[in-house]
Amino acid sequence: MTTPSVTIGANDRSVRRVGVDVGGLVFAGALLFALLFSLAILAVLIWSQLAQALPVFAERGVDFLTSDLSSNPANAGVAQGLIGTALLVLIVALAAFPIGIMTAIYLEEYSGDNAFARFVDINIRNLAGVPSVVYGILGLTVFVALFASVGDGNGKTVISGGLTLAVLILPLVIITSAEAIRAVPDSLREAGFGLGASRWQVVRGLILPAAAPGILTGMVLSLSRAIGETAPLILVGAVLGSFSTGGSLEDLLTGPFTALPTIIFDWARKPQQEFQALTSAAIIVLLVVTVVTNAFAILLRNRYDRSW
């Protein structure tokens, strides 16, 4: 009886590493340094903008958020930019999310592993890496030209900007949604089919609820990118545009428009020192809008995660 115990003890010692894993410790330290370095840079950038923005908020207060654009820095505000950003986010969500999620469902649950599905998947992943300015050119040549031909000649509207951003983030929505659906265990599908459910019933009742947290995470990432994009909006005419806050909804959707990123871009080019402080204040507002939007999406994701 003693021989097996000696053998087991020898095997146990053989699988244990003797000494300190220097390489592992160095690698872990390098990862920690990279994390702290990134956080330090982020903190410096945010603090540098806050240092210039705080006097604006202290002097103007809520007036900075409710005032319209103006050539006078003492009266300029970001109200029109907030309205434009909100409309853009709404159009992006309505256009990109349903199409992206349905495409992901088709690729993962209906198409099967064939040449066509692989071809589409490869091209979607390639489109995710295309620079945003290319999508701006696409929006200029397709959406702006389309609405200019069917409307009163002005295709540079918030609808064109929203559809351009929707096309920009569509590959990201498809990829993240497909990964979330692919992560659902096959046993869940097999259980549904075993009970006699159709494929659509399995997808609707089992797959989508289980994949909802991952899909919502992809939405968070997509909206974060859409909110901060500037180049596509510049090409579809948002830099010098502004909203008429006293107009109707039709005027908002079909007239000139602007957004927070384009306001920041426009103010940053102005030589007056006052506009430089306003630029920092607008950056902080855009950062807060992004954080609030992400927080809402994360809370929604966590709710689905707990319910599942």
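How are α7 and α9 oriented to each other, roughly parallel or roughly antiparallel?

1. Basis. This is a predicted model, in which local features need pLDDT of at least 70, side-chain atom pairs count only at pLDDT 80 or more, and totals for chains, interfaces and linings use all residues. Numbering starts from 1 along each chain as its sequence is written, and side-chain values use heavy atoms, with hydrogens and water left out.

2. α7 and α9. Their axes come within 8 Å and cross at roughly 150°; axes are lines fitted to C-alpha atoms, for helices over the stretch in contact, with angles from 0 to 180 degrees between N-to-C directions. α7 and α9 are therefore roughly antiparallel to each other (angles under 35 degrees count as roughly parallel, over 145 as roughly antiparallel, 65 to 115 as roughly perpendicular, the rest as oblique). The helices themselves are DSSP runs (H or I, at least four residues), numbered from the N terminus.

3. The α7–α9 contact (heavy atoms within 4.5 Å). From α7 it takes in residues including L165, I169, L172 and T176, and from α9 residues including I207, G214, G218 and R225. By class there are twelve nonpolar, five polar and one charged residues. Here Ala, Val, Leu, Ile, Met, Phe, Trp, Tyr, Cys and Pro count as nonpolar, Asp, Glu, Lys and Arg as charged, and the others, Gly among them, as polar.

4. Largest nonpolar core. A nonpolar core is a set of buried Ala, Val, Leu, Ile, Met, Phe, Trp, Tyr and Cys residues joined through side-chain atoms within 4.5 Å; buried means under 20% relative accessible area (1.4 Å probe, protein chains only). The largest has 36 residues, of which V92, F97, I169 and L233 touch the most other members. Two or more residues each come from α4 (79-110), α6 (132-150), α7 (158-182) and α9 (199-228). The biggest contribution is that of α4, with ten residues.

5. α4 and α12. Helix α12 covers residues 260-268 and packs on α4 at an angle of about 140°, the axes being 7 Å apart. That angle makes α4 oblique to α12. The residues that meet are G81, L82 and T85 in α4 and L260, P261 and I263 in α12. Sorted by class, this contact has four nonpolar, two polar and no charged residues.

6. L87. This residue is found in helix α4 and is buried, with a relative accessible area of 15%. L87 and A259 are 172 residues apart along the chain, yet their C-alpha atoms are separated by 9.1 Å.

Terms used. Buried < 20%, exposed > 50% of the residue type's maximum accessible area, 1.4 Å probe, protein only.
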